[in-house]
Every structure is written in structure tokens, then in C-alpha cells.
Amino acid sequence: MPIAFRDVSHVYTLDPKHTRTALSHIDLNLPQGKMIAVIGTTGSGKSTLVQHLNALLLPTSGEVEVDEYTLKHDTKMRFKPLRQKVGLVFQFPEYQLFEETVAKDIAFGPKNFGLDEQEIDRRVHDAIRAVGLDDSFLQRNPLDLSGGQKRRVAIAGVLAMEPKVLVLDEPTAGLDPASAAAMMALFVRYQAQSSDHTVILVTHDMDNVLNYCDHVVVLHEGSLIYTGDTPSFFNSNETMEQAAVLPPACIVMRNALIQHGFTIDVDQVYTEAALAKAIAKEVKR
Amino acid sequence: MNFTIGRYIPNDTWFHQLDPRFKIMALLFLLIAIFFPAGYPGYALMFVAVFIALKLSQLSFKNVLRALKPLLFMFIFLAVVNMFYLKDGILLLDLGFIQIYSEALSSTFYIVVRLTLMIMVTTILTSTTKPLDMTLAIEDLLAPFQRIGVPSHVIAMLISIALRFIPDLVDETNRIMKAQESRGVDIANGKFKEKLMAILALIIPLIISAFQRAEDLANAMEARGYSPNKHRTRYRQLKATSCDYLFITIIIVIVIALALMAFVL
């Protein structure tokens, strides 16, 4: 499912006299079937960018192409079919729960898209297991669950729509490290399920980007400053500096080792496991 | 969202600088005076006063009129009801199925004029007074009633917290709406049942989060030792100036003039 931004700008009108440019002249092609990270400082336009993907926002100028849809500032159509293909999970999605049982809440999306009972039932069961909870949760009241469980149920509600593109805004914010890792593994699994599943992740966590994402998009004050694969991003100190990103510990260590005489291939080695292997090789030599 | 009533419009006019306590008192006097049966000359006087106030506070007349728009439907409804029920005065028009009498028209006109005036004076107050100043003033004005058990500080605190949360709740509503729209809720299109469901999907999370915020705020206040029963000093003190006394004198003169027109002449 191709996604392309062509000269997209988005301007918020606060009142007739005040406007704020959230995105300016974004030209961007997103690869399919990949884990994509969207990063940038607070207020750089990340959330605005991803809300264009399912037409919650329309560009002020330029156009966004998602699948067969072309979205412009004056596009008028039923956005439902598009929203079924692009599932968007907002920051702290646990606040969107409202049904009396977990099962009903997960079924809410699929029901809105008019699927039949049997299909909905299958998807509810698949989704609850995918987020690491079991069927015993289905009849519970979502408001009685813990924070982490609520978040999983909310994400299950979007997974049950079986979107081709899954967009997540800061999905691991406020979770403990173990839950965060489990959640990232879940997104990787979802992406790997099918070659046309794309996962787009808005995140501040560079370790998540490094360990789980194939492609990085960097925004700075509403402009696109980098789009490309993950290793080259972490190999360019200049880009990282521009994006106000502190390199992850593993990259810092690798670069320090190289500086002190280790021979390490920067294009191959950027995860902790690979770095450990490279060090072992060097030490044995 | 566009609220015209109750929205503060930052500026620095004579009217903005008036002591909020005097403005609130003036509003109360005028609201009472609007209901004096002072006839057309009385209302003409009121309108003149309101126009002068509008000019002094540099508010656009258009803005104030916009505040009246939502009431248009009510005005029409009132006019229709009056036409059916008021059969006094001179017969003006006989349409066969309905007769329109002069009394129906004049009484509708009175209600419209009164409501218009009420909204106009209230809008002038709210657009020239910061919400925080308003609560300070309410607290001060209620202070004398504390002796008979009116918790003036608590009331003022309630109002200021409520005002403070309005923009947050608007943001929250937008956020939840977007989240549910992403899950296929379509508020604009769809059958009645779907629309009802859409509203539930919005209202329930909104209420839950409002309670959550209230609890968080209460805890934060308690953690900082807040107690409504202790005497609190405050940083911002309201001080009346000669301008304020002049202002309230003018208002009282207007009210007395209206009372004379209504009850003596």
C-alpha cells in the first residue's frame, strides 16, 4: 500500500489572526512492508504528519497519497474505507475505552466497518491473544483493568480492524521496560505477518528505533530533514545532531571503540548483539 | 469552537480596567432594571447605555450580535406561541385560521428586547473581565454572606477550577473524537442508532477522564496543603478607584431613572 506526501503543508488556524505551521512542504515516500520510525522533538509535527495518513487531517496544501486515495485540502468522501486500512493508535489510547466489556470494546471498530458477527468474533479472539492477554479478559470491564492492560486492550481494538498500515503514536510511553519490550515485539510480529503490513511508529525512544525499525523519518520544526534506513541515520552524527537526538548507548560505545583502534563495520554493526560479536572477534584477533 | 458569550477579549480599555466587583454589581443592578416595566423610552435608554458601553470597551457590535444568533430560533418560537395564545389588543390581521392581535406582537417584542439586553450586558462583562478576576470579585462580593454560612471561598475556587478546565476538556473532546473516528465512527453520516453510539463513544471516555483529572487535581492540591477552611491571603488584591465609583454611580442613576419611568410616571 503506497504512501506518499507531495509538497504537503499543514497550517493550524488558531483564530483568524493567528496561524501555526505544523508541516511545511513535506515530500516523502514511505516504503511498504517495513517498520518505520517517525522521530523529532516535541512540536516538530510528528503527530500532525501521522494524522494525515487516515484523513483525520487534510493537508492545507499539497497532497497525500494513501493506497488508491488522494487527499487534498478539499477532498470530500467517506473516509471509512481508508480508516479501515490505516489503523491509528493515539498516545495513551487507554482513554478511548468505553464499552462495558473488553470483548465489546475490541469489537467496536470491526462493527463500525460492517463486518459480520462470525468474522468479528474471530478477530476479537485473535486480537486479545496478539496483545498477550487471554480469553478470560474478554468478559471483564475494561475500566477495572490496570493501566498497562487497558493500553493493550485499546491497541487490540485497532488490531482487530486488521489494518494494512498500523500507526502508533508513542505506544510505549509510561510503560515499564518489560511491558514496553513486549509491546514492541507485538508490533514487529504484526508487521511480519504479511508483506504488505507496514507499521509506523512515532517515538522518542532511540533504542526502539535502533532495535526494531528499518526506516527512519526525521522531522524538525515542521520540515523533513531525513528519510532513509536506520543504520545510515545512526551513522550520521550530523543528522542526529540536527534532530536533537542523543545516540543510543550501543552506538556511542561502538564509535568510541572505533576511535580507539577497533575495526568495526559501521554499516553492519549497530545493534547490541552485533556489537558484542564484533568486539569478541576483535579481542580474539 | 466558537463561544462568544463568556469569552474574554484581551484589550486595555477603560472598561477592562474597571474593578471586576463593580462590574458584577453593575450587571446585577442592570439585570434587575431590565425587568422594570419602563416601556419603550426605558428600553431606548438602556440601549443607548449599552451602546456607549460597547464603544467604550471597543467591542465589535458584530461579535455581540453573534452571541444572539443561537436565540433566533427561540425568538421565532415565542412569537408563534404568542400569536396563538394572546388575544388582547387590536386585531391586526385575520388569516382565517389565525388572528394576530397587537398584544401578541408587543409582548413578543418585549421579551426579545429584554433577552437581547440581558445577553448584551452579560457579554460586555465577560468580554472585558478576565475569568480569574471574575472569581476574585465573586469571592469578595460573597464574603459578607460567609457569616450566614455561604462558603464564598469554596464557591470562588469551584468557579475558577471549572473555568480552568474548559480548554482542557475541549482538547480532550477533540482527541477522543479523533481516536473514535479512527475506529470507524462516522458522526456526520450514518443512521440514528450509529449516531447515538458515536455520542456514547465520545461522552463516556470524556466523563471518565474528567473524573480522573478532578481526582488528580484534588490530590495535587491536598499534597500542597490546601484547605478551604483556613484563611488564605492572596497575591492579587482588588482596589477600587474613583473611576469605579463614577461608573457605579452612573449605573445607579440609570437604574433609578428606569424605576421612575416604570413606577412613578
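Visitor: How many cavities of 30 Å³ or more does a search of the whole structure find?
Guide: Three cavities of that size turn up in the whole structure, and please keep in mind that this is a predicted model.

Visitor: What makes the largest one a cavity, and which residues line it?
Guide: A space is called a cavity because a 1.4 Å probe fits there but cannot get out. The largest cavity holds about 60 Å³ of space. Its lining draws on both chains, including A:Phe90, A:Tyr95, B:Arg175 and B:Ile176.

Visitor: How much space lies in the second largest pocket, and which residues lie nearest its centre?
Guide: About 1,000 Å³ lies in that pocket. Of its 42 lining residues, A:Tyr12, A:Gln51, A:Leu57, A:Phe90 and B:Lys178 lie nearest the centre. Helix 8 of chain B gives the most to this lining, with seven residues.

Visitor: Let's turn to helix 4 of chain A. How do you know that its span agrees with its number of residues?
Guide: At 1.5 Å a residue, its 14 residues should span 20 Å, and the end C-alpha atoms are 20 Å apart, so the two agree.

Visitor: Which residues of helix 4 of chain A are buried, and why are they said to be on the same side?
Guide: The buried ones are A:Ile120, A:Arg123, A:Val124, A:Ala127 and A:Ile128. They cover an arc of only 125 degrees around the axis, so they sit on the same side of helix 4 of chain A. Helix 3 and helix 5 of chain A are among what covers them.

Visitor: What makes A:Asp116 a cap for helix 4 of chain A?
Guide: A side-chain oxygen of A:Asp116 lies 3.2 Å from the backbone nitrogen of A:Gln118, at the N-terminal end of the helix.

Technical notes: Residues numbered from 1 in each chain as written. Chains lettered and ligands numbered in written order. Predicted model: local features only at pLDDT ≥ 70, side-chain atom pairs only at ≥ 80, totals over all residues. Heavy atoms only, no water. Helix = DSSP H or I, 4+ residues; strand = E, 2+ residues; numbered from the N terminus. Expected span 1.5 Å × (residues − 1). Buried < 20%, exposed > 50% of the residue type's maximum accessible area, 1.4 Å probe, protein only. Arc of directions from axis to C-beta. Contact = heavy atoms within 4.5 Å. Polar contact = N/O pair within 3.5 Å; in protein donor to acceptor, adjacent residues only side chain to side chain. 1 Å grid on protein atoms, 1.4 Å probe; cavity = no way out; pocket = protein on both sides within 12 Å on 5 of 7 lines; lining within 4 Å. Points joined across faces, edges and corners; volume = space filled by probe spheres on them.
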